[in-house]
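Here is a friendly walk through one model. Please keep the sequence and the 3D view open as you read.

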Amino acid sequence: MKPAKKLMKEELGQFVDHLSKEYLVYGPVARRSDFSFQEIDSAEDLRFDYTTTTIPPKKFFHHRQTLLRYSGEDYSELESTLEKRFLLLGVHSCDLNAILRHDRLFTRQFHDPYYLKLRRNSAIVALICTHIGNSCFCASLGTGPTIREGFDLLLTDLGNEYLIEVGSSEGQRMIEELNLQKANSSDLEKKEERVKLALTQFVKSMKMDGLNQLALKYLDHEVWSLIGEKGGLAGCFACLSCGNCSLVCPTCYCFEVADIPELSLNQGVRIRELDSCQLLEYAEVALGGNFRRDRKARVRQWMTCKFGGAGGGFDSSCVGCGRCINACPSHIDITEVAKSLRGE
Amino acid sequence: MENPYIPRKAVITNIEDETYDTKTFTFEFKDCQKGIEFKPGQFVMLSIFGYGEAAISIASDMDDPSHLELTVRKVGDVTGALFSLKEGDQVGIRGPYGNSWPVSDAEGKQLLLVIGGCGCGTLRPVILYHRNNPKKFKSMEVLYGARTPGDIIYKKYHEEEWSKIPNTRILLSVDRVPENTYWKHEVGVVTTLFEDIKTNPEEALVFICGPEIMMKYSVIGLLKLGFNPDRIFCSMERRMRCGLGLCGHCQLGSKYVCKDGPIFSYTELKHLPDHIVRSD
């Protein structure tokens, strides 16, 4: 590990300008009522005090991609164009863990070239999260707020300055030309204090051990009908099958594949885009069959997946970002589902 | 890096009518590589551009990988589009994917195949393997049920060729026989044939393919007769978008049908959610 450095807060603008020479820089900015990763023109727009963005950074890697182009009965792979590298600035631990899980998911049996191309074209400057949201529970899952791997650089807000730790040779190159002050042991201690302080802010928690087995074992548990049909778990209403939870979940990865013809109908593209197991059409089969027609079965599928019991295993499991809790119009809370399954 | 989403170009070289809604298509690949090596029970993703992709079980003879045969029932967009194509037309094919029928475990043992509707396609490679190597299995018994005599696929082969393979019995049954239709076999759902099973449950392996409701009642009947749930295998079908263990659509609990299946032992299947084969 290269020695840590320090960046004074008033130098953040220069730092972002410096990064912008090499990268298209995206970072958290405030919008009307939420935060969002957007292209950064000026460091003034950056909101490093953000809790969480509504849409996770998966939108940069896995959202909607063109798989191939066809014309008549012929088809070809899209030619690879060299694009400017992009950098995600200010990624929190929950989202970084989700990205690392997707890295594994998309390289399991088959390597997914579309995901990997975007991923390899990106760099990550992570940020220790010190503004814990009311729905956050990463601390209980071991996915935050500290960060140990997966970043090129890691920033921690120490008050007047940012501590910068280096996680890769690319990260080292990002700061090489900057004349940054070396961090000392008291700065590293300050970081630990910040993390400790953050840990005291958590309202929610979830005990993950064994939840995957419980979800697969108790297929007829009352909790599935509570969240899927009746409502009433910790004041929630029944699921509306809107799919918000999948859209905002940083580890939800399921996708639909479709051919999109041009008006001539002779040519077009095959695309893939994010899908959700909460939507009725997801489990449709030929001749009108559907093996998860009941909402109860669909919410069970989603929760089982987030507990690590579905086909994605650990790599699509929950990282504790709390987004699904914030986004659910029926106020379904995954931590309450876990408690109920455990009989707590 | 090879792109697993890009199919190979294949040309239709023959189309055979099986029933009013089912045809067997033969394909040859345009690239210079030799045909397609596969194991019985595996499937391919068939592309008709502008319509999409569909998972189809391989029905070919695995000893002859030079061409690929798919027996397809017209049930949706892609299969509907395939039916409008003619010999010489080109499609995209990628695969094979999935696990396979445990054929080598069945060597030296009795093998019972229970087939419903057009589920025969995925078991045809097993029957052809037996035809090519008639000493590998101690015996093969095929129980095949369809709705009407007009729904039986490979009918000529069942009656005239495969029933003549040594140590082979083929029993056919249909749910009903329309008026003025000649039918010399059994009438009733496929489980009607169970009374006549000669295969010894003690050592036999059973391969089942058909609609889930048919597999469910077949399993119930077979368990009653003393067949071992570890040695009863079912082929599951789901609408797959990728076939690569990624898109998520074919998940049953912690399993992907495309990657961990499509063949599951009943012992494994009965613990998985979201299907109706489970009989308890």
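## About the model

This is a predicted model, in which local features need pLDDT of at least 70 and side-chain atom pairs count only at pLDDT 80 or more, while totals for chains, interfaces and linings use all residues. Residues are numbered from 1 along each chain as written, chains are lettered from A and ligands numbered from 1 in written order, and side-chain values use heavy atoms, without hydrogens or water.

## Nonpolar cores

A nonpolar core here is a set of buried Ala, Val, Leu, Ile, Met, Phe, Trp, Tyr and Cys residues joined through side-chain atoms within 4.5 Å; buried means under 20% relative accessible area (1.4 Å probe, protein chains only). The largest core has 123 residues, and Phe307(A), Ile334(A), Val114(B), Ile208(B) and Leu222(B) have the most contacts inside it. A second, separate core of 56 residues includes Ile12(B) and Phe38(B).

Beyond its neighbours within four places in sequence, Val114(B) is in contact (heavy atoms within 4.5 Å) with residues including Leu143(B), Phe194(B), Ile208(B) and Leu222(B).

## Two domains of chain A

By an automatic or database domain assignment, chain A splits into domain 1 (5-63 + 82-199) and domain 2 (211-252 + 276-341). Their C-alpha centres lie 29 Å apart, and each domain gives 22 residues to the contact.

Together the two domains of chain A bury about 1800 Å², 54% of it on carbon and sulfur atoms; this is the accessible area (1.4 Å probe) lost on being put together, summed over both parts. Two salt bridges are found across this interface, a salt bridge being a side-chain nitrogen of Lys or Arg within 4 Å of a carboxyl oxygen of Asp or Glu.

Conventions
Buried < 20%, exposed > 50% of the residue type's maximum accessible area, 1.4 Å probe, protein only.
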